[in-house]
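Let's take a walk through this structure together, starting with the whole chain and ending with a few single residues. Keep the view open beside you as you read.

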Amino acid sequence: MNYITFDTAVGRMRLIGDSQGIRELHLKADETPFAPLEDWRESDEWLADAVQQLQAYAEGKLQRFDVRLNPQGTDFQKRVWQALSEIPFGEVRSYKDIAVAIGNPKAVRAVGGANGKNPIPVIVPCHRVIGADGSLTGFGSGLPLKKRLLALEGI
């Protein structure tokens, strides 16, 4: 597994992945040390293109990512993450909208749980999900960053 840490206009990011695709994206609000697993190595071998795309996105120059993803999760989570990936740049959806999109309109709470476990935020745009009343809801990297990402997209 490879990882790389880099800075963008919206903050520090860390990508983790291999030849199969990106597995995780961490957004850092501080300089907390990162402790990679023993078999991980710092390298941009598989991740350089994704780094460039994330930097361009953070500068407002990219609206759609074209990178290989390999998130690890349950089938339900993967369906939710796929639905998140289909939310267009500059638009938002509610948890209910996502539940309907995956064909399970009663699974609003489960959608919220899967959204919260999204291992590849920004690229899989969980920040584009808001409450049914239009309010900003949780974001693993904090609401200030969620607001910043939405503002970047003109929302």
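In this predicted model, 43% of the 155 residues of the protein chain count as buried. The chain holds five helices and six strands, and reading along the sequence gives the pattern β-β-β-β-α-α-β-α-α-β-α. Its radius of gyration is 15 Å, close to the 15 Å that the globule rule gives for 155 residues, so the chain is as compact as a globular protein of that length. Along the principal axes, the C-alpha trace spans about 40 × 30 × 30 Å. Among contacts with a separation of 6 or more, 58% join residues 24 or more positions apart.

Let's look inside next. Nonpolar side chains tend to be buried together in soluble globular proteins. Here, the largest nonpolar core has 36 residues, and those with the most contacts inside it are Leu15, Leu25, Leu54, Val80, Leu84, Ile98 and Val122. Strands E1 (2-8), E2 (11-18) and E3 each give two or more residues to this core, as do helices H1, H2 (75-85), H3 (95-101), H4 (108-116) and H5. The largest share, five residues, comes from H1.

Two of the strands are worth a visit. E2 and E3 form a hairpin with two residues between them. They pair in the antiparallel sense over seven bridges, and you can find Arg12 standing opposite Lys28 in E3.

Now follow the chain to helix H5, residues 143-152, whose buried residues are Leu145, Lys146, Leu149 and Leu150. They cover an arc of only 135° around the axis, which puts them on the same side of H5. An α-helix has 3.6 residues a turn, so residues three or four places apart point the same way. On the other side of H5, Pro144 and Lys147 are exposed. What covers the buried residues of H5? The cover includes strand E3 (21-28), helix H1 (48-58) and strand E6 (129-130). Just after H5, Gly154 takes a positive phi of about 80°.

Most residues other than glycine have a negative phi. Val122, however, has a positive phi of about 75° although it is not a glycine. This residue lies in the loop between H4 and E6. Is Val122 buried or exposed? At 1% relative accessibility, Val122 counts as buried. Leaving aside neighbours within four places in sequence, Val122 is in contact with Leu25, Leu27, Leu54, Tyr57, Phe65, His127 and Leu149.

A polar atom of the Asn118 side chain lies 2.7 Å from the backbone oxygen of Val124. Not counting residues up to four places away in sequence, Asn118 touches Trp81, Leu84, Val124 and Cys126.

For a last stop, go to the loop between strand E4 (41-42) and H1, where Ser43 is found. Ser43 has a relative accessible area of 13% and is buried. Its contacts, leaving aside neighbours within four places in sequence, are with Asn2, Tyr3 and Ile4.

Conventions:
Residues numbered from 1 in each chain as written. Predicted model: local features only at pLDDT ≥ 70, side-chain atom pairs only at ≥ 80, totals over all residues. Heavy atoms only, no water. Buried < 20%, exposed > 50% of the residue type's maximum accessible area, 1.4 Å probe, protein only. Helix = DSSP H or I, 4+ residues; strand = E, 2+ residues; numbered from the N terminus. Arc of directions from axis to C-beta. Contact = heavy atoms within 4.5 Å. Core = buried A, V, L, I, M, F, W, Y, C linked by side-chain atoms within 4.5 Å. Pairing = 2+ DSSP bridges. Polar contact = N/O pair within 3.5 Å; in protein donor to acceptor, adjacent residues only side chain to side chain. Rg over C-alpha atoms; globule rule 2.2 N^0.38 Å.
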